Structures are given as structure tokens and as C-alpha cells.
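Colleague: I'm new to reading protein models. Can you walk me through this one?

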Amino acid sequence: MSQLSHSSVRRFVFRVRQAVARGRAGTTGVRRRAAILVVAVLAFPAGAVAREAISAPPLRLAQLSPFQSPAPALSPFNPSQIQPSRALPFVGAPPVTVPSGSAGPAARIPATGRAEGGDPHTILPQPPAGKVAIGMSARFGEKEGLIPRGLIWRVFADRPEASGAYPLVAEAADPAPVFFLSPGGYVVHVAYGLASVARRIVIGEESRREQLVVPAGAVTLHSDVADRPLPAEKVTYDLFEGSFLQGRASSRPYFRGAVPGDLIILPAGDYYVVSTYGDGNAVIQADLAVAPGKVTDATLHHRAGEVTLRLVKGEGGEPLPETQWSIGTPGGDSVKESINAEPTFVLAEGEYTAVARFEGKTYSKVFNVESGKNGSVEVRVGEQVTPSALDTQDGSGD
């Protein structure tokens with residue numbers, strides 16, 4: 001039977017998530033010009049672009065997380081039935097559970113190929129009395145290869161119980177399972193990473209095969225400064241549906257908190273990514289596209305530097321403890337604050353004013369951040385005295 005539309009299954013999918021993903025979802029979770037290099041594996045058709053960015057929208061509840069890697073082996077599946085495909089690699093999922101967390105490091109896509117015959121079920125097994133055999137499989141598109149692993153299947157009765165829940169009839173983590181079902185109506189739901197599809201089927205007295213299309217792709221993200229890769233622990237990514245450049249961007253993150261090297265499986269389509277380097281204002285955005293059965297490998301180029309601030313009594317002196325710091329832009333916008341002898345900030349390139357408050361007196365210094373250049377800025381007691389316009393504390397220095 002025909003595959004259900006998104007609007008037709010929205011209510012059902014909500015019930016599915018209530019039944020099998022309760023407690024899984026949680027709160028997992030610009031200002032400078034960005035350049036982005038996109039390398040599309042296996043003829044990725046559309047490059048990613050970037051432009052002058054704006055402030056990222058407020059981050060809200062993230063949607064479903066991709067599977068945790070590594071994972072235990074799935075049920076046996078005969079690989080001779082499927083030729084090497086352009087399918088995405090399996091990124092792991094414990095059998096018949098819905099795991100949470102981010103995907104592991106990106107794996108390479110198998111060599112290009114197609115599944116011969118278009119269906120892995122050449123012969124269906126004999127079902128028990130009163131049952132019929134339904135052989136399930138999924139592919140990335142009508143003309144794309146079969147999905148060889150990483151699928152989570154669930155079969156529900158197509159009528160809810162008195163409580164409103166749809167009874168779960170069967171589930172499997174095989175790439176091409178066979179379900180033994182009684183005649184009647186069912187809804188088959190299959191998930192692959194963040195992509196999922198549901199189809200209603202009506203079973204009669206004869207066994208048969210069903211194949212679903214799951215148009216999913218994936219993206220791996222990286223960031224650098226001055227062509228030097230940034231440490232994974234210093235960068236995070238939030239992905240949104242739509243296009244920032246075309247003015248049709250979602251305000252709600254589709255996936256939040258990814259780190260460099262993650263393989264994030266997504267429904268095929270357009271997305272934009274917000275890359276945050278450190279906890280300052282080094283934030284850039286870029287559009288990218290995800291194609292069915294392909295991995296988009298994107299590198300975002302930050303223009304920023306790391307700056308360590310020190311309030312000293314003389315050049316090269318020891319930093320004074322418990323100094324209150326604030327960083328501001330020439331326009332008066334506050335960027336970052338800290339109470340520390342030597343705070344380190346990641347800042348987008350540009351001009352800033354460092355304001356230090358110590359023992360009731362305030363000092364300041366204007367400095368510049370150049371992309372890829374890390375260093376320290378010393379504010380000296382008695383030499384850089386804050387003008388009265390900047391002095392918010394009693395006293396104006398020595």
C-alpha cells in the first residue's frame with residue numbers, strides 16, 4: 001500500500017514516540033563571516049555556502065538523537081543478498097531499543113553499488129498456522145541502494161486501545177526482517193538515525209514483501225582556524241532545518257550538541273549549521289544539503305583567536321587574583337565576563353575593550369584579535385586608567 005504522508009502519520013508517530021521513546025529525548029541542548037568547504041562523497045550534488053551570519057536563535061528541546069556507537073552485532077543477515085551499495089554505514093543501536101546520544105566518529109561509505117533484484121527476500125519462510133509472513137526491507141530512494149543495517153522496525157496495530165495507545169505487535173533491528181502476523185491492519189514504522197517512515201498495511205491470507213523508502217543522508221562536521229583543525233572539545237554544532245541564506249530557517253534545532261567527527265543521520269533535505277567555537281562570540285553559520293544515501297563532509301572555517309587576560313602591576317608581573325573582567329565591543333556590547341586571575345576567551349577577530357576591576361578600581365585596555373593568533377593581553381595597574389565614561393566603580397585607578 002502507499003506510504004503515508006507526513007501529516008497522515010503525525011498523530012501515530014507521536015504515539016510511537018510515547019510508547020518506545022519515553023524518557024529518551026531531553027534537552028541536549030552569529031556574528032562573523034564564515035567560509036565553508038564541502039566535500040560531497042560519491043558525487044554530492046550541492047555545495048554548502050556561508051555568508052555574514054546573525055545571532056543564533058534560542059536553543060530549545062532537540063529532536064531525536066542518532067544512535068550511539070559502537071553497538072552490539074545485529075541479528076544474522078546474509079550479505080550475499082545485497083551487493084555493496086551507496087548506503088550509509090551503520091552507526092549502532094542495541095537490538096530493539098531506541099538509544100540516545102550522539103553518533104560516533106564518521107565511518108566511510110561502502111563502494112557504489114545496487115542491490116540486485118531490488119529485494120533481499122528471495123524466498124519467504126513458511127509462517128505458523130493462522131499467520132502470514134511479511135518480508136520488510138528499506139532503501140534510500142526509488143533508485144537508490146538498500147539500507148544494509150542500522151534500521152529499527154516496529155509494527156503496531158492500526159487501531160488504538162481504549163487508552164489511546166497503539167499496541168506494539170512486533171519489533172526488530174534486522175535490516176530485512178520477516179514478521180509473522182495475523183490477517184488485519186497494521187502500521188509499520190522504521191527508523192534510521194533521525195529519519196523515519198511509517199506505512200499502513202492490510203494483511204490478507206497470503207504472505208508478501210513490503211519495501212519502504214527512507215530518504216536519509218548524513219553529515220560530518222569539522223572546524224578549523226587558519227587551516228588548523230580545532231580540538232573537538234572546543235567546538236559544538238547545532239543543526240536547523242531550512243536555509244539561513246534563503247530566509248526559511250527553523251528557529252528550533254533539529255539536532256543539538258554535535259561535535260567534530262560525529263556522523264549525524266538526517267532526513268534528506270536542506271539544513272543550516274551553527275558552529276560555536278569556545279564560549280565567547282566565535283559563532284558562524286553555513287547552509288548545507290543532505291542527499292539520500294550520501295554523506296556530506298563539511299569544514300567550517302572560523303576567524304577567531306584565544307586571548308588570555310592578565311591584570312599586572314608591571315610588565316611580565318604576576319596576575320592579580322580575583323580580578324573581575326568584562327569584554328566589550330567598540331559599540332558597547334558586552335561579550336563575556338569572568339572573575340579570574342587569568343581568564344581565557346575565544347573571540348571572533350576584531351577590536352575589543354578589556355575592563356578589569358580590582359579592589360574598587362577599574363582599568364581598561366583596547367586590543368585586537370587576529371584570526372588564528374592566540375596570545376595574552378596585559379592590563380597594567382596605574383597605566384591604563386578607565387575614562388570616567390567606562391568607570392562604573394568608585395575610584396578610577398591609581
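Modeller: Let's start with one residue. Arg154 is buried, because its relative accessible area is 5%. Buried means under 20% relative accessible area, exposed means over 50%, and partly exposed is in between (1.4 Å probe, protein chains only).

Colleague: What kind of model is this, and how are residues numbered?

Modeller: This is a predicted model: local features need pLDDT of at least 70, side-chain atom pairs count only at pLDDT 80 or more, and totals for chains, interfaces and linings use all residues. Residues are numbered from 1 along each chain as its sequence is written, and side-chain values use heavy atoms, with hydrogens and water left out.

Colleague: Back to Arg154. Which side chain does it meet in a salt bridge?

Modeller: Glu171, at 3.3 Å from N to O. A salt bridge is a side-chain nitrogen of Lys or Arg within 4 Å of a carboxyl oxygen of Asp or Glu.

Colleague: Is Glu171 buried or partly exposed?

Modeller: Glu171 is partly exposed, with a relative accessible area of 33%.

Colleague: And where do Arg154 and Glu171 lie?

Modeller: Arg154 is in strand β4 (residues 152–157) and Glu171 is in strand β5 (residues 168–172), so the pair ties together parts that are 17 residues apart in sequence. Helices (H or I, at least four residues) and strands (E, at least two) are DSSP runs, numbered from the N terminus.

Colleague: How many salt bridges does the rule give?

Modeller: The count comes to 11. One of them joins Glu210 and Arg199, with the closest N and O atoms 2.7 Å apart. Glu210 sits in strand β9 and Arg199 in strand β8 (residues 195–203), 11 residues apart. Both Glu210 and Arg199 are buried.

Colleague: Tell me about Arg208, then.

Modeller: Arg208 is found in strand β9 (residues 208–213). Its relative accessibility is 24%, so Arg208 counts as partly exposed. Its side chain makes a polar contact with the side chain of Glu210 at 2.7 Å. A polar contact is a pair of N or O atoms within 3.5 Å; within protein, one must be able to donate a hydrogen and the other to accept it, and residues adjacent in sequence count only if both atoms are side-chain atoms.

Colleague: What does Arg208 touch, leaving out residues up to four places away in sequence?

Modeller: Leu124, Ala133, Ile134, Gly135, Ile201, Val202 and Ile203. Contact means heavy atoms within 4.5 Å. Arg208 and Ile134 are 74 residues apart in sequence, but 5.2 Å apart in space, C-alpha to C-alpha.

Colleague: New topic. How many aromatic pairs are there?

Modeller: Five. Rings of Phe, Tyr and Trp (its six-membered ring) pair if their centres lie within 6.5 Å; planes under 30 degrees apart count as stacked, over 60 as edge-to-face and the rest as tilted.

Colleague: Why is the pair of Phe244 and Tyr272 tilted?

Modeller: Their planes are at 40°, so the pair is tilted, and the ring centres are 6.1 Å apart. Phe244 is in the loop between β12 (235–241) and β13 (253–258), and Tyr272 is in strand β15 (residues 269–277), so the pair ties together parts 28 residues apart in sequence. Phe244 counts as buried at 16% relative accessibility, and Tyr272 counts as buried at 3%. Phe240, Phe244 and Tyr272 form one aromatic cluster.

Colleague: What does β15 pair with?

Modeller: Nine bridges join β15 to β16, and the two strands run antiparallel. Two strands pair if DSSP finds at least two bridges between them. Tyr271 stands opposite Leu288 in β16.

Colleague: How many residues of β16 are buried?

Modeller: Nine of the nine residues in β16 (residues 282–290).
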